[in-house]
Amino acid sequence: MSARIAVSLAALAHNAVALRDLVGAGHAAFVVKSNAYGHGLIETAQAVEPFAVRLCVYAAGEGLALREAGIAVPILVLGPVEPRDADAAVAANLECALWDTGEFAHALATAAHAHRTRAGVHVKINTGLNRLGLEPHELVDALEDYLRRPELSVAGVFSHLSSAEELDSPSTMRQLETFEQAMAPAAPLFEQHGISPVRHIAASAAAMLWPQTRMDMSRFGVALYGLWPSQQTREAMNSHGLDLRPALSMTSTLAVTRSVPAGSPIGYGASYHAPRDMRVGVVPAGYADGIPRLLSNRGSFLVDGAACPIVGRVAMNVTEIDLTRAPNAHAGSTVTLIGQDGDASVTAEDWAAWSETINYEIVARLPSELPRDYED
């Protein structure tokens with residue numbers, strides 16, 4: 001055994017209900033891209049589908065997998081879709097993001113015509129993140145092009161914010177204003193065609209901190225998993241009674257314990273020398289299992305309810321820990337990498353702090369091949 005992941009379906013459902021209640025029934029979409037942030041695409045989607053107005057993925061393949069698993073709620077593909085995949089996307093009734101009038105729009109329309117249906121699209125505006133999206137002044141012309149094609153159905157218009165997790169964020173207000181200014185001249189088009197596209201710009205942080213960004217739909221990603229977009233967001237929302245529960249834990253078992261004499265090196269590069277005679281435990285999991293190498297000589301895992309520091313470098317398949325605080329540990333003892341053990345805990349936020357990154361990256365990079373157990 002290297003490591004196992006446990007995912008609480010009850011925590012996912014709890015978080016989904018809390019977030020839905022925050023923005024109102026019928027306004028919460030849940031983002032399950034990148035293997036549901038490491039939690040497992042299908043199982044997560046099944047757990048939260050009853051509370052979702054939509055599920056959002058990044059790739060068409062993710063949406064197709066959800067349809068094959070029986071997910072019936074609308075699914076929005078946020079990322080680029082290859083024209084060759086348009087037929088499969090239309091056949092599965094996936095909504096796709098559009099930000100040009102070129103080959104992909106034509107491929108969608110052609111596929112919809114072949115299937116005698118209409119392809120739902122969400123038109124993306126670049127309001128300042130400068131990644132994907134039409135420039136604001138291009139929106140009306142693009143909409144006119146889409147609305148001339150009877151095979152396309154403009155189901156939504158959206159954008160994405162760059163800095164919404166900050167309590168003082170002038171850029172959030174600028175982006176919101178840009179979005180509204182781009183939408184204003186499009187209103188007559190919508191009225192003429194008798195449509196009311198879903199407007200959405202808020203992800204987790206914006207929906208929490210900036211209620212004016214919630215519009216018709218909010219896209220909850222990291223918050224669905226009981227993780228916070230930032231410490232500022234957590235403090236602000238805890239004061240308002242929003243309770244999110246981390247859904248993921250990760251454990252392993254000690255493969256070996258050994259005594260190491262004072263002064264002896266431990267691990268690759270001899271980056272750690274035993275300061276005294278000590279016992280160490282060998283955890284059969286390393287950076288191939290998602291443990292950041294930056295946890296070397298700075299992170300901790302839990303054994304018998306005690307924090308046991310990582311000593312030496314995290315290797316591809318092995319991490320060593322100081323067992324001084326867990327004198328009864330032995331080969332086969334449970335090691336909590338992420339989660340609770342007694343009164344002690346190690347969180348994805350701890351890993352992020354130790355490895356100088358964000359909690360999103362920690363969970364999203366957990367390998368899909370690691371076994372996952374789903375608990376009701």
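A polar contact is a pair of N or O atoms within 3.5 Å; within protein, one must be able to donate a hydrogen and the other to accept it, and residues adjacent in sequence count only if both atoms are side-chain atoms. The model is predicted, so local features need pLDDT of at least 70 and side-chain atom pairs count only at pLDDT 80 or more, while totals for chains, interfaces and linings use all residues. Residues are numbered from 1 along each chain as its sequence is written, and side-chain values use heavy atoms, with hydrogens and water left out.

**Figure 1**
The side chains of Thr-127 and Ser-159 are joined by a polar contact of 2.8 Å. Thr-127 has 8% relative accessibility and therefore counts as buried (under 20% relative accessible area; exposed is over 50%, partly exposed in between; 1.4 Å probe, protein chains only). Leaving aside neighbours within four places in sequence, Thr-127 is in contact (heavy atoms within 4.5 Å) with Ser-159, His-160, Gln-175, Thr-178, Phe-179 and Ile-201.

**Figure 2. Gln-175 in helix α8, residues 170-183.**
Helices (H or I, at least four residues) and strands (E, at least two) are DSSP runs, numbered from the N terminus. Gln-175 counts as buried because its relative accessibility is 3%. Its side chain reaches the backbone nitrogen of Ser-162 at 3.0 Å. Not counting residues up to four places away in sequence, Gln-175 touches Thr-127, Gly-128, Leu-129, His-160, Leu-161, Ser-162 and Ile-201. A separation of 30 Å lies between the C-alpha atoms of Gln-175 and Gly-61, which are 114 residues apart along the chain.

**Figure 3. Helix α6, residues 103-114, and what covers it.**
The 12 residues of α6 reach 16 Å from first C-alpha to last, close to the 16 Å expected at 1.5 Å a residue (the expected span is 1.5 Å times one less than the number of residues). Phe-104, Ala-105, Ala-107, Leu-108, Ala-109, Ala-111 and Ala-112 are the buried residues of α6. An α-helix has 3.6 residues a turn, so residues three or four places apart point the same way. The cover over the buried residues of α6 includes α5 (86-91), β5 (94-98), β6 (119-124), α7 (139-147) and β7 (152-158). Just after α6, Arg-116 adopts a positive phi of about 55 degrees.

**Figure 4. Leu-108 and the nonpolar cores.**
A nonpolar core is a set of buried Ala, Val, Leu, Ile, Met, Phe, Trp, Tyr and Cys residues joined through side-chain atoms within 4.5 Å. The largest has 126 residues, of which Phe-30, Leu-108, Tyr-146, Phe-301, Ile-321 and Trp-351 touch the most other members. With residues up to four places away in sequence not counted, Leu-108 touches Ala-86, Val-90, Cys-96, Leu-98, Ala-119, Val-121 and Leu-152.

**Figure 5. The open sheet β11-β14-β17.**
Three strands form this sheet in the order given, with antiparallel pairing (two strands pair if DSSP finds at least two bridges between them). Because β11 (256-260) and β17 (319-322) stand at the edges, each with a single partner strand, one side of each is left without a neighbour in the sheet. On average, neighbouring strands of this sheet are turned by 30 degrees against each other, direction ignored (axes are lines fitted to C-alpha atoms). Strand β11 is joined to the antiparallel β14 (residues 278-283) by five bridges, and Thr-257 stands opposite Gly-281 in β14.

**Figure 6. Ser-264 in the loop between β11 and β12 (265-266).**
From Ser-264, the side chain reaches the backbone oxygen of Pro-261 at 3.1 Å. Contacts of Ser-264, leaving aside its neighbours within four places in sequence, are with Tyr-272, His-273 and Ala-274.

**Figure 7. Strand β1, residues 4-8, between its partners.**
Four of the five residues of β1 are buried, so the strand is largely enclosed by the rest of the structure. Four bridges join β1 to the antiparallel strand β10 (residues 248-253), where Ser-249 stands opposite Ala-6. With β20 (residues 372-375), β1 runs parallel and is joined by four bridges; Ser-8 stands opposite Glu-375 there.

Definitions and conventions:
Axes fitted to C-alpha atoms, helices over the stretch in contact; angles between N-to-C directions.
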